[in-house]
Amino acid sequence: MAHIIVDDNEMLEKAIKRFKRMVEKEGIIREFKKREYFEKPSTILNRKKKAIARKLFKKSRKGRNDY
């Protein structure tokens, strides 16, 4: 849970920026967007497999350029 303490002499815009940074760092918005709609288990599995394949492809391509 992200929360900040705002001092009396702190500008509101600065406090909002700090809060946004904290929320992004904790991944709250990313998690919300991921859970916004129901996703079938097969779709989740396919997405993960594609991500792994993409990662392996990048890794193999990177290793090929080293001489």
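Why does Arg61 count as partly exposed? The reason is a relative accessibility of 41%, since partly exposed is the class between buried (under 20% relative accessible area) and exposed (over 50%), with a 1.4 Å probe and protein chains only. The model is predicted, so local features need pLDDT of at least 70 and side-chain atom pairs count only at pLDDT 80 or more, whereas totals for chains, interfaces and linings use all residues. Residues are numbered from 1 along each chain as its sequence is written, and side-chain values use heavy atoms, leaving out hydrogens and water.

Arg61 sits in helix α3, which covers residues 41-64. Three helices and zero strands make up the secondary structure, in the order α-α-α along the sequence; helices (H or I, at least four residues) and strands (E, at least two) are DSSP runs numbered from the N terminus.

Turning to overall shape, the C-alpha trace spans about 55 × 40 × 15 Å along its principal axes. Of the 67 residues, 7% count as buried.

Charge is the last topic. The protein carries 22 positive and 10 negative side chains, with the centres of the two sets 14 Å apart; Lys and Arg count as positive, Asp and Glu as negative, and His and the chain ends are not counted. Each charge is placed at NZ of Lys, CZ of Arg, CG of Asp or CD of Glu.
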